[in-house]
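Please read it with the coordinates open.

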Amino acid sequence: MTFTHDLDQIARANASGRPPVVFVHGLWLLPGSWDRWAALFTDAGYAPVLLGWPDDPDSVEEAQAHPQVFAGKSVGQIADHLSDLIGRLDRTPALVGHSFGGLLVQILAGRGLAEATVAISPAPFRGVLPLPFAALRSSAPVLGNPANLHRAVPLTYEQFRYAFANAVTEAEAHELYAAYCVPGAGKPIFQAATANINPWTEAKVDTENAHRGALLVLTTDHDHTVPPAIAQASYRKQARNSGITEIVSVPGRGHCLTIDAGWREVADTALTFVRRFL
C-alpha cells in the first residue's frame, strides 16, 4: 500500500510542474513524521514527496501491530528502493533526510540524484570515525543483542526519551513517543556500527561525485543519537567535494528536532537552503 502511495505522490509531483522535494525518514519513524514539513514546503511552491522504506506500514498503529515488516531491511536495500522511486520523477529533486534518512539522502546524492540535499543529524557512514558514548548508549537497544541484526526492534519509552526526546519536557516526550515511535530494523544500526571495519559495507557514501549537488549538514548540540562530533565528521568528509558543502547547528535540541515543538525552526533552515538551488 505504501509503495502505491509513493507512486501516487510522484505522479502528483510530476503533474504539478513544481520542483520536487523528497523527504526520507529514519529509524523508528514513518513518512507521516514529515507531514508538517510537507505543508510548509507546499506553501513555499514545492511538490513534497514523502517516501517510505520498503514495506513501511501506513500508520503508527499498523506498524505496532505488525512490527515484523521492518525486520531485515538493509541500508543498501532501502537506498536502492528510494533510488528507483526518485528515478520516476521528471525533475531532479532536493532531498531532505533525518537520522538514517540523513545517511540515505547522502548516499542518493552521491549517486547524482539530487540538486540539493539536507542531512539532519545524519547517521554515520564509512570514514566517519567519532563514536561518542551517547551514541553507543542510544544504539544499545539494538547492538546489545546480536540476534537483533535480523529483527525489528521497538524502543521502550525510557529508551526513546534518552535517544530522541532528551531535550524536551516529559509531557512532550510522552506525546512524541505515542504519536510517532514505531519498531525499527536492527540491521542498519549494525551496518553503521561496523562500517569502518567492513570494506564491503553498504553504509558508505560517494563523497567525491562532482554531480552530488549542494549539501547541508544540520546538527544540534543535545543530540544523543547523532552527537555533533559525528555530524561534524560527516561534514568534513563531504567538504572535500567540489560542490557547496555547509553545516549549521540548531542549539538546544535533541534527535527529535524534526518532530518536536520546535520543528519549524529546523524546517525553515532546510527550506532556506533548498531555495538557493531549486
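1. Asp268 and Arg264 form a salt bridge whose closest N and O atoms are 2.9 Å apart, a salt bridge being a side-chain nitrogen of Lys or Arg within 4 Å of a carboxyl oxygen of Asp or Glu. The two residues are 4 residues apart in helix H11 (residues 263-275), so about one helical turn separates them; helices here are DSSP runs of H or I with at least four residues, strands are runs of E with at least two, and both are numbered from the N terminus. Asp268 is partly exposed at 30% relative accessibility, and Arg264 is likewise partly exposed, at 42%. Salt bridges with shared partners also join Arg253, Asp260 and Glu265 into one network.

2. On the basis of these results, the model is a predicted one, in which local features need pLDDT of at least 70 and side-chain atom pairs count only at pLDDT 80 or more, whereas totals for chains, interfaces and linings use all residues. Residues are numbered from 1 along each chain as its sequence is written, and side-chain values use heavy atoms, with hydrogens and water left out.

3. The salt bridge count comes to 8. One of them pairs Asp55 with Lys73, with the closest N and O atoms 3.2 Å apart; because Asp55 lies in the loop between S2 and H3 and Lys73 in the loop between H3 and helix H4 (75-86), the pair ties together parts that are 18 residues apart in sequence. Asp55 is exposed, with a relative accessible area of 54%, while Lys73 is buried at 7%, where buried means under 20% relative accessible area, exposed over 50% and partly exposed in between (1.4 Å probe, protein chains only).

4. Asp56, in the loop between strand S2 (47-51) and helix H3 (60-65), deserves a separate look. Asp56 is buried but has no salt bridge, and the nearest side chain of opposite charge, that of Lys73, is 7.5 Å away (Lys and Arg count as positive, Asp and Glu as negative, and His and the chain ends are not counted). A polar atom of the Asp56 side chain does, however, lie 2.9 Å from the backbone nitrogen of Trp53. Leaving aside residues up to four places away in sequence, Asp56 touches Thr2, His25, Leu30, Pro31 and Phe70, contact meaning heavy atoms within 4.5 Å.

5. Leu103, in helix H5 (residues 100-110), is buried at 0% relative accessibility. Beyond residues up to four places away in sequence, Leu103 touches several residues, including Val75, Pro122, Phe125 and Val205.

Notes: A polar contact is a pair of N or O atoms within 3.5 Å; within protein, one must be able to donate a hydrogen and the other to accept it, and residues adjacent in sequence count only if both atoms are side-chain atoms.
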